[in-house]
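We will go from stop to stop, selecting as we go.

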Amino acid sequence: MSSDRLRTPDVEALLAAFGALETDDERYAFLQDVATIREIKDLAQRLEVARMLDAGEHYTHIQQVTGASSTTISRVSRSLNYGAEGYRIVLDRLGPLEPAEGGDA
């Protein structure tokens, strides 16, 4: 999606809402109110896929660990390599993360 189409007043308000949250409990509460549990888990899974791709893990291993489809892994890979640098910023700031435990991400 083009950045121009994404930068709407509603999305700007959503970003401001995330920025206003101060604790993990507040972030959890907001996420539960604004998205379904499945949507939240899908986003978390994509971040784990990005982390594993960045660490050089093979698609097959990523599928086994996270339960992500090959399509999801491919999309995350494309975003990680050719996207808007969002994954790169987050991965660089978070540093190495602990390996996923099972795939409930």
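Select Arg 78. This residue is partly exposed, with a relative accessible area of 47% (buried means under 20%, exposed over 50%, partly exposed in between, with a 1.4 Å probe and protein chains only). Arg 78 is found in helix α6. Helices here are DSSP runs of H or I with at least four residues, strands are E runs of at least two, and numbering starts at the N terminus.

Before moving on, know what you are looking at. This is a predicted model: local features need pLDDT of at least 70, side-chain atom pairs count only at pLDDT 80 or more, and totals for chains, interfaces and linings use all residues. Residues are numbered from 1 along each chain as its sequence is written, and side-chain values use heavy atoms, leaving out hydrogens and water.

Arg 78 and Ala 50 are 28 residues apart in sequence, and their C-alpha atoms lie 10.0 Å apart.

Next, select Ser 77. It lies in helix α6, residues 70–82. Is Ser 77 buried or exposed? Ser 77 is buried, because its relative accessible area is 15%. Leaving aside neighbours within four places in sequence, Ser 77 contacts Leu 53 and Tyr 59 (heavy atoms within 4.5 Å).

Last stop: aromatic rings. Rings of Phe, Tyr and Trp (its six-membered ring) pair if their centres lie within 6.5 Å; planes under 30 degrees apart are stacked, over 60 edge-to-face, the rest tilted. The count is one aromatic pair. Select Phe 18 and Phe 30: their ring centres are 5.1 Å apart and their planes at 85°, so the pair is edge-to-face. The pair links distant parts of the chain, with Phe 18 in helix α2 and Phe 30 in helix α3.
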